Amino acid sequence: MAILMRILMNLFRKKAMSNEGMEKTKLARVLTLLDLTLLGVGSTLGAGAYVLSGAVARDKAGPAIVLSFFVAAVVSVLAGLCYAEFGARVPKTGSAYVYSYITVGELIAFIIGWNLILEYAIGTASVARAWTANFNSLIDNAVIDFFNSTMPIRVDYLSEYPDFLAFGLVALLTILLTVGVKQSTLFNNVFTIINLLVLLYVIICGFFQMKLKNWQLTPDEVPPKYGNGGFMPYGVSGMLSGAATCFYGFVGFDCIATTGEEAKNPQKAIPISIILSLIIVFLFYFFVSMVLTMMSPYYLLDVNAPLPAVFSAVGWDTAKYVIAVGAICALTASMVGAIFPLPRVVYAMAEDKVIFSVFSNVSEKFKTPVLATLIAGLFSGLTALIFDLTELVNMMSIGTLLAYTFVAKCVVILRYKKTIFEEPLISDRGTYYNSTSVNTPNTDMQKVTPSFSFAMLFKSQQDVPNQTTEKIVLVTSSLLSLAAIALCVVLVFAEDYLSSGWAIYLIVQFLVLMTVCMVIIAMQPSNTADIPFKVPFVPVIPEISAALNIYLMLKLPVSTWIRFCVWMFVGFLVYFGYGYEHSTAKRRDMTDYVNITEDESD
């Protein structure tokens, strides 16, 4: 039993951070606030404006797509606020992986990091294939026809043909990332600015062709399968369904959080750039979708290329070539945003030795993790080359939503901890770090930690967090998560019975339990550290964000979860075969144990 408990404790050992360690990095700090903002905008504002808007407007939301984007933006901003606080607290490479490692432990951090690798690889591959599809449409599918006729693939779950153009694009960006972060961000900045100018052109030109009547269509003017006309032809449920799809148009801003060791002033620049990029992206999505649905009846929109189609319909054929340039620039910038964080997550995990440590080597000349970048690029390129991405894109969503959920939960837990940094324990034999992350020596712990009482749940007598209040928050937040999962299970799997008495009873009970848990958390003393940005209304905003992400995860198909389990099986082989024994956290804990033992023996 003791061995089992020891193994269990090792699975949740935490990454130790010190104030001195926050400033140390082997990477080059060269990214400005403008670089980070354009990186976030470029990685996010892509296919959503050029493809997604047409499909959602025609089949799910109608003109109410503007509200769908608003709801999706709110959900994304909730997650963005959590990333912003962590970026201010822990400006280190690795994003959600590092945040969860510090807060909830190694195993959860590995799961997050392993899924982030898949998320960014699939994201890169899917954008690369979208780029080649867009390019092929301009040259009458010449490239596709050539590969289809000369080297077709006849295997389930694989592409119909090898997309060497997509592979070449990924290889080019990989080389660019290897040479230096500043060069790759400059490349991204140029394409992002061109994309923004093209979309601005679309919005301005579209204003001259907008007709309010297209938001006021009567039921008899609309084909039966396209709803009831008006502003919200598919009702509120259609608008919300559209919001769930539009949410994925905001995925990508979290790449900013992976630049903690390459930003010039990360504690201020990362939070500001995350919020700023989400606002810019929402405004462009909102106005593009408004122009789109006012220029044309929503049921006539082209789901593959809606913007060129509506401009051609009003006789502005020249505009489609401008839009094609914008689409290619947008997809190029999105590809940079997708591949940019991938080697940084690999580097962060390798530096902690939860995956092979050779990937943490940094080039003295380029100041980049060259091997991690090359391997990440090869993985993404091969995925783009041969896989049918329609079956894999939902797996990208799991990685994103899982990361968003844990970052939100970690914000709550850290807000009510005394400190997230190691403090030195002083002994007669010298100084060594205490990995329990408290401010007082172990010998005095019993004197400063009050015993638990139920009164502490709703009225804490402490001004600052201690071990007891930290445990109250951890347990209560975990119970809240279970209640949120149960609520989402009812909402998703009993969707057709939500009006029945038993469903209403369960929903009310879970909501009451979640509310009580949030009140208990809010009554505990919080961390008073002065950082550039904090999420407002904690724990309400992070916990709502986590619950919304859980709901969206449960909406994914069963086949996606099966593939997720296969990917995690491979990951666990890596972790338990290498990471569990070689982890730097394990070596640190062993060193601390030896130091404490020697000190006590003296």
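1. T185 is found in helix α10 (residues 181-207); helices here are DSSP runs of H or I with at least four residues, strands are runs of E with at least two, and both are numbered from the N terminus. T185 is buried because its relative accessible area is 2%, where buried means under 20%, exposed means over 50%, and partly exposed lies in between, for a 1.4 Å probe and protein chains only. Leaving out residues up to four places away in sequence, T185 touches L31 and F340, a contact being heavy atoms within 4.5 Å.

2. Residues are numbered from 1 along each chain as its sequence is written, and side-chain values use heavy atoms, with hydrogens and water left out.

3. The protein chain has a mean pLDDT of 82, and 88% of its residues reach 70 or more. Over residues 422-448, however, pLDDT stays under 50, and the model has 50 contacts beyond four places in sequence for this stretch. Residues 592-602 also have pLDDT below 50, with 10 contacts in the model beyond near neighbours in sequence. Where pLDDT is low, the predicted coordinates should not be read in detail.

4. Which residues touch the most other members of the largest nonpolar core? They are L45, Y50, Y83 and F250, in a core of 154 residues. Such a core is a set of buried Ala, Val, Leu, Ile, Met, Phe, Trp, Tyr and Cys residues joined through side-chain atoms within 4.5 Å. Helix α7 (residues 106-138) is the greatest contributor to this core, giving 17 residues. Domain 1 (31-415) and domain 2 (454-553) each supply at least three residues to this core; the domain bounds come from an automatic or database domain assignment.

5. The surroundings of L45 can be listed. Its neighbours within four places in sequence aside, L45 is in contact with N195, L196, L199, V281, F284, Y285, A330 and S334.

6. Helix α6 (residues 96-103) contains T103. This helix is mostly covered, with 8 of its 8 residues buried: A96, Y97, V98, Y99, S100, Y101, I102 and T103. T103 counts as buried because its relative accessibility is 4%. A polar atom of the T103 side chain lies 2.8 Å from the backbone oxygen of Y99. In a polar contact, two N or O atoms are within 3.5 Å; within protein, one must be able to donate a hydrogen and the other to accept it, and residues adjacent in sequence count only if both atoms are side-chain atoms. Residues up to four places away in sequence not counted, T103 touches K14, F86, C410, I413 and L414. After α6 comes G105, with a positive phi near 115°.

7. Helix α15 (residues 341-351) is largely enclosed by the rest of the structure, because 10 of its 11 residues are buried. Among the buried residues of α15 are P341, P343, R344 and Y347. K353 follows α15 and lies in the loop between α15 and α16 (370-386). Although K353 is not a glycine, its phi is positive, at about 60°. K353 is partly exposed because its relative accessible area is 24%.

8. The loop between α20 (501-522) and α21 (540-554) holds P539. The peptide bond from V538 to P539 is cis, with omega near 10°. F537 is found in the loop between α20 and α21 as well, and its phi is near 55°, a positive value in a residue other than glycine. Is F537 buried or exposed? F537 is exposed, since its relative accessible area is 65%.

9. How many disulfides does a search of the whole structure find? The search finds 0, a disulfide being a pair of cysteine sulfur atoms within 2.5 Å. As to individual cysteines, C205 counts as buried because its relative accessibility is 14%, and C255 is buried with a relative accessible area of 0%.

Terms used
This is a predicted model: local features need pLDDT of at least 70, side-chain atom pairs count only at pLDDT 80 or more; totals for chains, interfaces and linings use all residues. pLDDT is the predictor's confidence in each residue, from 0 to 100.
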